[in-house]
Amino acid sequence: YFGTGDAETEPAAKTSDSIMALDMVSGKMLWYHQAQADDAFLGGCNGGPNQPENCPKFNGPDLDIGNSPVLHTLANGKRIVVAGTKDGKVFALDPDKKGEVVWEKEIIPNPKGTPLQNLDGIVWGGAKDQQNIYYGLSGGGIVGVQLSTGERIWYTKFATADGKRVSNAAAASAIPGVIFVGGTDGKIHAVNAGDGKQIWEIATARQYETVNKVPAHGGGMGSAGVTVAGGMMFVGSGYGVIGGNPGNALLAFGLE
C-alpha cells in the first residue's frame, strides 16, 4: 500500500493523489482509491509572465499523498488502511473490499477568528497505537484520531514565538503512551497519547559541539520524524523540503 503524487501534465491520471494496493508477488495493481481528482499541478505555475511553457491549463490543488498509509486491524478483526491528505482529511479504506471507504473525516481544527489555509493538513506521516492514529499538521500542532470511527479525540496547538507560522508536518513517532513530533521552528514536542497534553519540548535550533568535531547547528524539522530505539531518541535537526531554517545536526537523546 502506498500513496501517489499529483499529476504534472493534463489530463491527470485517475491514479494520481491515490492510495494504491499492489500484489507483493506479481506487482499487479489490486485496487486504488483516488482522494483528489484532476490534480495536474506543477510548481512555478502561478500565472506570472515567466512561468514555464508546460504549465497545466488549470493548476491543481497540489494534494499528493506523501504520508505512508497505515495498515491496522480493529478489535473486531476487520482490517483498515488509513491515510491523510494535505487539506486535512483522514480516511480509512477496506483492503479486503477493493479499497471501499470505511470512514472519512475532516480533522483540521479551525478556532474562531483563525483563517484556514488549504494545505494546513497532513503531509509526511502519522503514528498509531491500538486505539488511535496521530498526525502533525502543516498548520501547526498535532491531532489524535480514533481508528475505529475517524473521530478527532484531541488537538494540541503548540505555543509559537511572535505569532509566526510553524509547521508540524514532519512525521509523528510513537512509543507507548507518548507521541513525538517536530516543527519547522526546530522544536521537538512530546505529548501524552491519551489527551494530547504536552509533556515536554526541546529546542534544537542552536549550535552544538559535536563528537566528530564538525561545526553543527540545528534547525527545522520539515520531513522525517524522530527515531526511538534501544532507550535512545535520534533526530536530524535542520532539514526542510523547500528551504527554511537549515541545519546539519544529528542529535541523540538518552534517559539521563
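The lining of the second largest cavity sorts into eight nonpolar residues, three polar ones and no charged residues at all. For this sorting, Ala, Val, Leu, Ile, Met, Phe, Trp, Tyr, Cys and Pro count as nonpolar, Asp, Glu, Lys and Arg as charged, and the others, Gly among them, as polar. The model is a predicted one, in which local features need pLDDT of at least 70 and side-chain atom pairs count only at pLDDT 80 or more, while totals for chains, interfaces and linings use all residues. Residues are numbered from 1 along each chain as its sequence is written, and side-chain values use heavy atoms, with hydrogens and water left out.

Back to the empty spaces. Rolling a probe the size of a water molecule over the atoms shows where empty space is left. On a 1 Å grid over the protein atoms alone, a cavity is a set of points where a 1.4 Å probe fits but cannot get out, whereas a pocket is an open set with protein on both sides within 12 Å along at least five of seven lines; lining residues have an atom within 4 Å of a point. Grid points are joined across faces, edges and corners, and a volume is the space filled by probe spheres set on the points.

By this rule there are two cavities of 30 Å³ or more. Strands (E, at least two residues) and helices (H or I, at least four) are DSSP runs, numbered from the N terminus. The largest cavity holds about 50 Å³. Its lining includes Lys157, Phe158, Asp185 and His189, and by class it has two nonpolar, five polar and two charged residues.

The largest pocket has a volume of about 540 Å³. Its lining counts 24 residues, with Trp124, Ser167, Gly222, Val241 and Ile242 nearest the centre. The classes here come to 10 nonpolar, 10 polar and four charged residues.

Next come the charged pairs. Side chains of opposite charge can pair when their charged atoms come close. A salt bridge is a side-chain nitrogen of Lys or Arg within 4 Å of a carboxyl oxygen of Asp or Glu, and the structure holds eight of them. One of these joins lysine 86 to aspartate 62, with the closest N and O atoms 3.3 Å apart. This pair links distant parts of the chain, 24 residues apart: lysine 86 sits in the loop between strand S5 (79–84) and S6, and aspartate 62 in the loop between S3 and strand S4 (70–73). Asp62, Asp64 and Lys86 are linked in a network of salt bridges. Buried means under 20% relative accessible area, exposed over 50%, and partly exposed in between (1.4 Å probe, protein chains only). Lysine 86 counts as buried because its relative accessibility is 11%, and aspartate 62 is buried too, at 15%.

Arginine 79 pairs with aspartate 96, and here the closest N and O atoms are 2.8 Å apart. Arginine 79 lies in strand S5 and aspartate 96 in the loop between S6 and S7, so the bridge ties together parts that are 17 residues apart in sequence. Lysine 105 forms a salt bridge with glutamate 151, at 2.9 Å between the closest N and O atoms. Lysine 105 lies in strand S7 and glutamate 151 in the loop between strand S10 (142–146) and strand S11 (152–156), so this pair ties together parts 46 residues apart in sequence. Lysine 105 is partly exposed, at 28%, and glutamate 151 is partly exposed at 40%.

Most residues other than glycine have a negative phi, and most peptide bonds are trans. The bond from glutamate 10 to proline 11 is cis, with omega near 0°, and proline 11 lies in the loop between strand S1 (2–3) and strand S2 (18–22). Lysine 98 has a positive phi, near 55°, and sits in the loop between strand S6 (89–94) and strand S7 (100–106). Lysine 213 has a phi near 65°, also positive, in the loop between strand S16 (207–208) and strand S17 (216–217). Lysine 98 is exposed at 63% relative accessible area, and lysine 213 counts as exposed at 63%.
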